[in-house]
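Subject: A structure for you to look at

Hello,

Here is the structure I promised to pass on to you. Please open it first, and then read on for my notes on what turned up in it.

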Amino acid sequence: MTRYATGVFYHPSFSRRSYLTVGARLADFPAALDGVLRGGRVKLYEPGPVSRELVLKVHTPGLIEGVKGDPLCSTAWHSAGGVVMAGDKIAEGEIGNAFAFIGAGGHHSGRDFFGGYCCFNDVALCVVNLREKRGLRRFAILDTDAHHGDGTREIFLDDPDILHVCICGREYESSDKTKVDVGYPDPRGSGVGRPINDAYFDRVADRFPDRVRRFRPDLLFWYFGFDTHQGDYGDIGLTGPCYWNIALLMRDLAGEVCGGKLAVVLGGGSHTKLATYLIPPVIERLAGS
Ligand SMILES: [Zn+2]
Ligand SMILES: [Zn+2]
């Protein structure tokens with residue numbers, strides 16, 4: 001079996017009828033991937049829809065009906081299908097790690113509620129599939145979208161085999177230390193004039209890797225929203241190098257703790273130019289030797 005460094009999961013509907021400004025955010029894709037697909041280390045996959053049978057293992061029938069009736073969720077089945085397929089290809093060993101595009105988000109989708117541009121909980125569906133089909137059990141999730149991952153938190157609240165670290169502006173740690181929220185650094189706080197990119201990256205590096213080493217997961221997820229970028233709707237002042245450094249940190253951490261198994265799942269962020277500028281360098285770093 002050919003083994004690729006990185007698999008990229010993308011369906012044409014994500015560019016043509018995705019959420020947020022009628023699909024404009026991924027308007028430059030897949031053409032913007034031409035560079036990273038050269039050289040044979042990265043393979044592009046087109047996912048099918050997630051199965052209803054799998055969705056019912058995470059969500060209620062009522063949520064499925066709600067998703068079916070919501071025009072913002074027209075890409076939900078293929079979005080979750082891509083994340084589930086990414087997990088399968090990593091577990092099979094066909095790819096080392098993955099970047100999954102989505103047309104509809106996941107982390108605001110709980111067992112019986114959804115909203116905030118999220119429809120099905122893609123990460124939760126991937127976890128359930130990997131547990132049932134592949135025997136993987138323990139997962140660590142880093143969520144760097146600007147907003148709290150309330151759906152993912154609810155689904156895994158009582159699951160000690162899920163480490164969920166969410167950088168969302170508030171501070172919280174559960175008594176078993178597997179559910180953690182981390183505040184944003186204050187760019188005007190200690191270390192005056194310190195670039196926010198550096199302060200944010202250091203906060204991730206301080207709060208996530210040691211927890212992951214103690215937790216010993218079978219696979220890592222990075223829920224990557226770029227709504228935290230300057231000028232986007234969750235702007236906290238970040239720019240490209242911050243995300244690219246987190247990509248390297250996550251790739252290396254996965255290499256250290258779980259044989260490189262890392263699935264990066266796209267979250268929030270709305271601007272076409274930012275998607276085109278930020279995402280290919282993330283994939284390049286995932287595929288780097
Ligand atoms: Zn967000
Ligand atoms: Zn949070």
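Predicted model: local features only at pLDDT ≥ 70, side-chain atom pairs only at ≥ 80, totals over all residues.

**Around Ala100**

Is Ala100 buried or exposed? With a relative accessible area of 1%, Ala100 is buried, because the cut-off for that class is under 20%. If you set aside neighbours within four places in sequence, the contacts of Ala100 are Phe9, Gly82, Val83, Val264, Val265 and Leu266. One of these, Gly82, is 18 residues from Ala100 in sequence, and the two C-alpha atoms are 6.2 Å apart in space.

Helix 5 covers residues 76-92 and helix 6 covers residues 122-134; their axes come within 8 Å and cross at roughly 35°. The crossing of helix 5 with helix 6 is right-handed. Sorted by class, the contact of helix 5 with helix 6 has 8 nonpolar, 2 polar and 5 charged residues.

**The zinc ions**

Now to the metal sites, starting with ligand 1. Which residues coordinate the zinc ion (ligand 1)? They are Asp145 (OD), His147 (ND1) and Asp227 (OD), at 1.9 to 2.1 Å. Along the chain, these donors follow the spacing D-x1-H-x79-D. Asp145 lies in the loop between strand 4 (139-143) and helix 7 (150-155), while Asp227 lies in the loop between strand 8 (219-224) and helix 10 (240-257), so this pair ties together parts that are 82 residues apart in sequence. Asp145 counts as buried at 2% relative accessibility, and Asp227 counts as buried at 0%.

The zinc ion (ligand 2) is coordinated by His148 (ND1), Cys166 (SG), Cys168 (SG) and Asp181 (OD), at 2.1 to 2.2 Å. Cys168 is found in the loop between strand 5 (162-167) and strand 6 (172-173), and Asp181 in strand 7 (residues 179-182), so the pair ties together parts that are 13 residues apart in sequence. Cys168 and Asp181 are both buried.

**Backbone details**

Most residues other than glycine have a negative phi, and most peptide bonds are trans. With that in mind, here are some places to look at along the backbone.

- The peptide bond from Phe29 to Pro30 is cis, and its omega is near 5°. Pro30 belongs to the loop between helix 1 (13-16) and helix 2 (34-37).
- Tyr117 is not a glycine, yet its phi is positive, near 70°. You will find Tyr117 in the loop between strand 3 and helix 6, and its relative accessible area of 37% makes it partly exposed.
- Arg216 is not a glycine either, and has a positive phi of about 55°. Arg216 is placed in the loop between helix 9 (209-215) and strand 8, and counts as exposed at 63% relative accessibility.

Ala287 is in helix 11 (residues 272-287). Ala287 is buried, with a relative accessible area of 7%. Although Ala287 and Gly7 are 280 residues apart along the chain, their C-alpha atoms are separated by 8.8 Å. Leaving out neighbours within four places in sequence, Ala287 makes contact with Ala5, Thr6, Arg41 and Val42.

Asp186 is located in the loop between strand 7 and helix 8 (196-207). Asp186 is partly exposed, at a relative accessible area of 42%. Asp186 and Ile236 are 50 residues apart in sequence, and their C-alpha atoms are 9.6 Å apart in space.

Enjoy exploring, and do write back with any questions.

Best wishes

Conventions. Residues numbered from 1 in each chain as written. Chains lettered and ligands numbered in written order. Heavy atoms only, no water. Axes fitted to C-alpha atoms, helices over the stretch in contact; angles between N-to-C directions. Helix = DSSP H or I, 4+ residues; strand = E, 2+ residues; numbered from the N terminus. Left-handed = near helix turned anticlockwise from the far one by under 90°. Nonpolar A, V, L, I, M, F, W, Y, C, P; charged D, E, K, R; others polar. Donors = N, O, S within 2.8 Å, 3.2 Å for Na, K, Ca; no water. Buried < 20%, exposed > 50% of the residue type's maximum accessible area, 1.4 Å probe, protein only. Contact = heavy atoms within 4.5 Å.
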